[in-house]
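This report describes the architecture of one protein and the packing of selected helices. Please consult the sequence and the structure shown below while reading.

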Amino acid sequence: MADFLDTLSDVDLDGESLLPGWTRRHVVAHLAQNALAVGRLVNWAATGVENPMYESREVRDRDIAETALLAPNSLRALFHSEAATLTSAWLALPAASWSAKVRGGQGRVVPASATLWMRTRELWVHGVDLNVGAGFDALPERMLRRTLGDVAGSWPASSIRLVVAAPYATTIGDDDAASVVSGSLADLTGWATGRTTRGISCGESPVPAAPRWL
Ligand code: ZN
């Protein structure tokens, strides 16, 4: 992700991301703010004093919009400095605090150790959103599996069964689910995260969007 960012020219940064209404600047701004937000959870774990990721959805969205207006070099520098600050916070977190409970972005209570995956998933998924030619099929299998499992786990029971095609053939969800959606591991992850319907079949045309995630 950091590598992608440094290959984007100032003009590239103004280009469209894959997220509706967001330029690449918005994606980078969100990732910088996300490092800050995940850092608040690490601080919460370290001190025991509640420190939510964001004050509210409105504040989060406003901060992204404002940060996206920074000059290109300031935006890049902010991304790198917030990422470095987060790494330092993780490195300084005492061993006993990794199991301290914090509240993640979707309101779920998780151990502080979950912040590592939370951040990793953001970087990979939004790396695709940067629209620089690397799709979900460029992501590692483990990353795709875990992300797909996270998203499917957020759906109501028995709503959707996912049938993953070879070479990573598996099924996720109940046998009696109301709908069955199939595709490759990469395409299903793209669909489940609300990014694309490419390569998906579900017996309906056009393919409906997945339930909203995040
Ligand atoms: Zn995000």
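In a left-handed or a right-handed crossing, how does helix 5 pass helix 6? The crossing of helix 5 past helix 6 is left-handed. The model under discussion is a predicted one.

## Overall architecture

The protein comprises 8 helices and 5 strands. Read from the N terminus, the order of elements is α-α-α-α-α-β-β-α-α-β-β-β-α.

Along the principal axes, the C-alpha atoms occupy a box of roughly 45 × 45 × 30 Å. A compact globule of 214 residues would have a radius of gyration near 17 Å, and the 18 Å of the protein therefore agrees with that expectation. Buried residues make up 42% of the 214. Among contacts with a separation of 6 or more, 52% are between residues 24 or more positions apart.

## Helix 5 against helix 6

Helix 5 spans residues 72-92 and helix 6 spans residues 114-129. Their axes come within 12 Å and cross at roughly 160°. Because angles over 145 degrees count as roughly antiparallel, helix 5 is roughly antiparallel to helix 6.

On the side of helix 5, the contact involves Phe79, Ala83, Leu86 and Trp90, which meet Thr115, Leu116, Arg119 and Leu123 of helix 6. By class, the residues of this contact comprise 6 nonpolar, 1 polar and 1 charged.

## Helix 3 against helix 5

Helix 3, residues 24-47, also packs with helix 5; the angle is about 25° and the axes lie 9 Å apart. Angles under 35 degrees count as roughly parallel, and helix 3 and helix 5 are therefore roughly parallel to each other. Their crossing is left-handed.

Helix 3 contributes Arg25, Val28, Ala29, Leu31, Ala32, Ala35, Leu36, Val38, Gly39 and Val42 to the contact. In helix 5, their partners are Pro72, Leu75, Leu78, Phe79, Glu82, Ala83, Leu86, Ala89 and Trp90. The residues of this contact divide into 16 nonpolar, 1 polar and 2 charged.

## Residues of helix 5 in both contacts

Which residues of helix 5 meet helix 6? They are Phe79, Ala83, Leu86 and Trp90.

How values were computed. Residues are numbered from 1 along each chain as its sequence is written. This is a predicted model: local features need pLDDT of at least 70, side-chain atom pairs count only at pLDDT 80 or more; totals for chains, interfaces and linings use all residues. Side-chain values use heavy atoms; hydrogens and water are left out. Axes are lines fitted to C-alpha atoms, for helices over the stretch in contact, and angles run from 0 to 180 degrees between N-to-C directions. Helices (H or I, at least four residues) and strands (E, at least two) are DSSP runs, numbered from the N terminus. Angles under 35 degrees count as roughly parallel, over 145 as roughly antiparallel, 65 to 115 as roughly perpendicular and the rest as oblique. A crossing is left-handed if the near helix is turned anticlockwise from the far one by less than a right angle, and right-handed if clockwise. Contact means heavy atoms within 4.5 Å. Ala, Val, Leu, Ile, Met, Phe, Trp, Tyr, Cys and Pro count as nonpolar, Asp, Glu, Lys and Arg as charged, and the others, Gly among them, as polar. The radius of gyration is taken over C-alpha atoms; the globule rule is 2.2 Å times the number of residues to the power 0.38. Buried means under 20% relative accessible area, exposed over 50%, partly exposed in between (1.4 Å probe, protein chains only).
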